[in-house]
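Hi everyone, thanks for coming. Please have a look at the sequence and the model on the screen, and I'll walk you through a few features.

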Amino acid sequence: MYNQDLASNMLFHRKSFIALSIGALFILSPTLAIAQPVQQSSLAPSSEVKNITPNDNFSLKYNLTRTGLNLMKLKFNISLKGDQYRASHSLKSKGLIKIFADTNSKASVEGKIKKGFLSPTSFQISAEKKDKTKTAKLSWEGEKFTQELSPKLSDDRAKKLAPLLKPDLKDPLSGLLSVVMFDNPEKPCGKTIRVFEGRKIFELSYTYLETGKLQKSDPGSFRGDTHICQVKHTPIAGYSDKKMKKLLEANLSHKIWVARIKSPKGKQSYFVPVKMQLGTKYGVIDVELDKGKINGKKLRKAAISLP
């Protein structure tokens, strides 16, 4: 059954993952606490290709459904060129859910690739719901980190956030790219990162589970070998005490399927999210790849099969 609480909860899921989460996102929902150290994530999947200059573009479109009902449409565009990277995503309500909670969210990031690591320089996000809009702009310049928020945080939340705002914080899109797309070529998803989206800080812990294969009978457009990972989310700061308690008690888990995709232009390969399952208190939200391309070529035609 559709209701406004369900729609609001799903918007939170998208903003946290991310990002699927792609995505992946994006961008996930609340889960239990983790006990892993935060690690910096290397762009290059192995030392063999660490010094290769990427020059690839991705176009990814996902459908979010629950029990077969269309809920939202998620789009990602990613550009890697030399020592620069750009990424953007948009999320829009779809079908009947628009009647109850019409949402429209967009985010984008620009940054540099330095010695195999992603370093964001600017990030912005906006979320519209009915007649309300929230925006955040983040900027990194050397050791200097700045933020602009509308509306502003309450004094109490801003005070709790301030000591944790460090230049090495990742935005959600850079975090997704660095952990999911660029990782160990044999086993992705072995890291934990701390993410800041302008109002909240949280940690995403990626754990490798197993290999899998998406068949013709599976929903979505991708067919082929995949790696399956678990993602857990820990709220750190920027939440009300009541919300923090609820998120920690929710104890939800999520899964992400990634396929290894070879660049048509060179030796570089990437892990791309092709399927996700987001656990919520309302049930599982399925995120399926609708259309995916790398440099105009369908992902499944550029996929690398498992041995």
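Let's begin with a term: a salt bridge here is a side-chain nitrogen of Lys or Arg within 4 Å of a carboxyl oxygen of Asp or Glu. Before the results, a word on the source: this is a predicted model, where local features need pLDDT of at least 70 and side-chain atom pairs count only at pLDDT 80 or more, while totals for chains, interfaces and linings use all residues. Residues are numbered from 1 along each chain as its sequence is written, and side-chain values use heavy atoms, with hydrogens and water left out.

In one of them, Asp290 meets Lys73, with 2.7 Å from N to O. Asp290 sits in strand E14 and Lys73 in strand E3 (residues 69–81), so this pair ties together parts that are 217 residues apart in sequence. Helices (H or I, at least four residues) and strands (E, at least two), by the way, are DSSP runs numbered from the N terminus.

Are these two side chains buried or exposed? For that I use relative accessible area: buried is under 20%, exposed is over 50%, and partly exposed is in between, with a 1.4 Å probe and protein chains only. Lys73 is buried at 18%, and Asp290 is partly exposed at 28%.

Next, please find Arg194 and Glu203, whose side chains also form a salt bridge, at 2.6 Å from N to O. Arg194 is partly exposed, at 26%, whereas Glu203 is buried, at 8%.

Now over to helix H3 (residues 155–161), where Lys160 and Asp156 are 4 residues apart, about one helical turn. Their closest N and O atoms are 3.7 Å apart in a salt bridge. Lys160 is partly exposed at 41%, and Asp156 is partly exposed as well, at 47%. Together with Asp241, they are linked in a network of salt bridges.

On to the cysteines. A disulfide is counted when two cysteine sulfur atoms lie within 2.5 Å, and the search of the whole structure finds 1. Which cysteines does it join? They are Cys189 and Cys229, 2.3 Å from S to S. Cys189 lies in the loop between helix H4 (172–181) and strand E9 (192–196), and Cys229 in strand E11 (residues 224–237), so the bond ties together parts 40 residues apart in sequence. The torsion about the S-S bond is about 80°, so this disulfide is right-handed. Both Cys189 and Cys229 are buried.
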